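Keep the sequence and the model side by side.

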Amino acid sequence: MKTDRKRGIPGFEERELTRAGVGIRYLSGGEGRPIVLLHGLGGAAANWRLVAPDLARERRVIVPELPGHGRSDPPAAGSLDSFAEAVLAVAEAEAALPAPWVGHSFGGVVALRAATLRPDAVTGLVLAATAGITSATRIGEVTVTLIGVARPGRFLGRRRRVVARSRLGRTLAFGWWGVADPAALDPEMAEAFLAGPPQHTDTITAGKALLAADPRRDLHLVTCPCLCLWGTNDNWVPLADGMEYARRLRAPLRTIADCGHLLIGERPDAVLRAIREFLTTVP
């Protein structure tokens, strides 16, 4: 099935799995040992468009869209387990287990949950600006709730081409919270980030699952190797959160200088280097 250029990933095929009445849309590309990439809250599969094709040169890459996001159906349940189980079902249907998982922001929280539910299925975790610590605070709760209700991404997404190709537009859309240097953000990547929100059917449920979760409670159950990967200028999920994850998981923390929260689009080169080096340590 062909995909919209900005909503898909070049060279990847769009597929769908129905689980418990919920259709999960995902992209698949490449050959070899599998790896799973998970986008964040309000994101979509296309968020990985500058990372996934390079990984697909040596791996089979599975990129799901979480329930309620992109072209996936709304979630049938609101627990964090339901999101993790949906991705596990996709990976299992693709015979892509066991595998290392790379999770960005909320995707990292989902990946952590999958690793505790199915330790046999997840051989390694790259936690890229993973949420779940600061987002559990009162300020985090208010912020996530307001964004879920107001849905500013839907407004910007409908004008994504104009916004993405304007330096001012990129600054308004991604300044402070998203990237360290909006003017330098690749316009096509900016457009891909903005393409998902108009398609979302229910991100509020995922937001509530994030607010209800405290991944720190179960980190002692994670047995696979982990890498924490953070932008030094992340104003959305601060570097201090990465330090806490690294300390509790006894994992290395790798930072990317002058980089914000959307590191997978702002500095895909550094992200790819970190993932590739990490994969050499994973069974």
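A crossing of two helices is left-handed if the near helix is turned anticlockwise from the far one by less than a right angle, and right-handed if clockwise. Keep that rule in mind for the helix pair α7 and α8. The model is predicted.

Take α7 and α8 now. Helix α7 covers residues 167–174, and helix α8 covers residues 187–195. Their axes come within 11 Å and cross at roughly 45°. The two helices are therefore oblique to each other. Their crossing is left-handed. On the α7 side, the contact uses R170, A173 and F174. On the α8 side, the partners are P187, A190, F193 and L194. By class, this contact has six nonpolar residues, one charged residue and no polar ones.

The loop between α7 and α8 holds W176. Its phi is near 65°, a positive value in a residue other than glycine. W176 counts as exposed because its relative accessibility is 57%, and the cut-off for exposed is over 50%.

The axes of α2 and α3 come within 8 Å and cross at roughly 80°. These helices are therefore roughly perpendicular to each other. Helix α2 contributes L80, D81, F83, A84, E85, V87 and L88 to the contact. Helix α3 answers with F106, V109, V110, R113, A114 and L117. The class count is ten nonpolar, three charged and no polar residues.

Helix α2 spans 80–93, and a loop runs between it and β5 (99–104). P98 is found in that loop. The peptide bond joining L97 and P98 is cis, with omega about -5°.

Now step back to the whole chain. It has twelve helices and eight strands. Of its 283 residues, 57% are buried. Contacts with a separation of 6 or more are counted next: residues 24 or more positions apart account for 73% of them. The accessible surface comes to about 11,600 Å². Carbon and sulfur atoms own 54% of that surface.

Where does R19 sit? R19 is in strand β1. Its relative accessible area is 31%, so R19 is partly exposed. R19 touches E85, A86 and A89, leaving out residues up to four places away in sequence. E85 also belongs to the contact of α2 with α3. R19 and A76 are 57 residues apart in sequence, yet their C-alpha atoms are 9.8 Å apart in space.

Next comes A20, in the loop between β1 (13–19) and β2 (22–29). Phi of A20 is near 50°, positive although the residue is not glycine. With a relative accessible area of 68%, A20 is exposed.

Two buried loop residues deserve a look. N47 lies in the loop between β3 (34–38) and α1 (52–55). Is N47 buried or exposed? At 6% relative accessibility it counts as buried, because the cut-off for buried is under 20%. Setting aside residues up to four places away in sequence, N47 touches H39, M189, A192, F193 and I264. F193 is one of the α8 residues that meet α7.

T203 lies in the loop between α8 and α9 (204–212). It counts as buried because its relative accessibility is 13%. Beyond its neighbours within four places in sequence, T203 is in contact with L41, G42, G68 and H69.

Finish with helix α10, residues 239–249. Which of its residues are buried? They are L239, D241, G242, E244, Y245, A246 and L249. An α-helix has 3.6 residues a turn, so residues three or four places apart point the same way. What covers the buried residues of α10 includes helix α3 (106–117) and the strands β6 (122–128), β7 (226–231) and β8 (253–256). Just after α10 comes R250, which takes a positive phi of about 55°.

Technical notes:
Residues are numbered from 1 along each chain as its sequence is written. This is a predicted model: local features need pLDDT of at least 70, side-chain atom pairs count only at pLDDT 80 or more; totals for chains, interfaces and linings use all residues. Side-chain values use heavy atoms; hydrogens and water are left out. Helices (H or I, at least four residues) and strands (E, at least two) are DSSP runs, numbered from the N terminus. Buried means under 20% relative accessible area, exposed over 50%, partly exposed in between (1.4 Å probe, protein chains only). Contact means heavy atoms within 4.5 Å. Accessible areas come from the Shrake-Rupley method with a 1.4 Å probe; for residues, only the protein chains shown count as cover. Axes are lines fitted to C-alpha atoms, for helices over the stretch in contact, and angles run from 0 to 180 degrees between N-to-C directions. Angles under 35 degrees count as roughly parallel, over 145 as roughly antiparallel, 65 to 115 as roughly perpendicular and the rest as oblique. Ala, Val, Leu, Ile, Met, Phe, Trp, Tyr, Cys and Pro count as nonpolar, Asp, Glu, Lys and Arg as charged, and the others, Gly among them, as polar.
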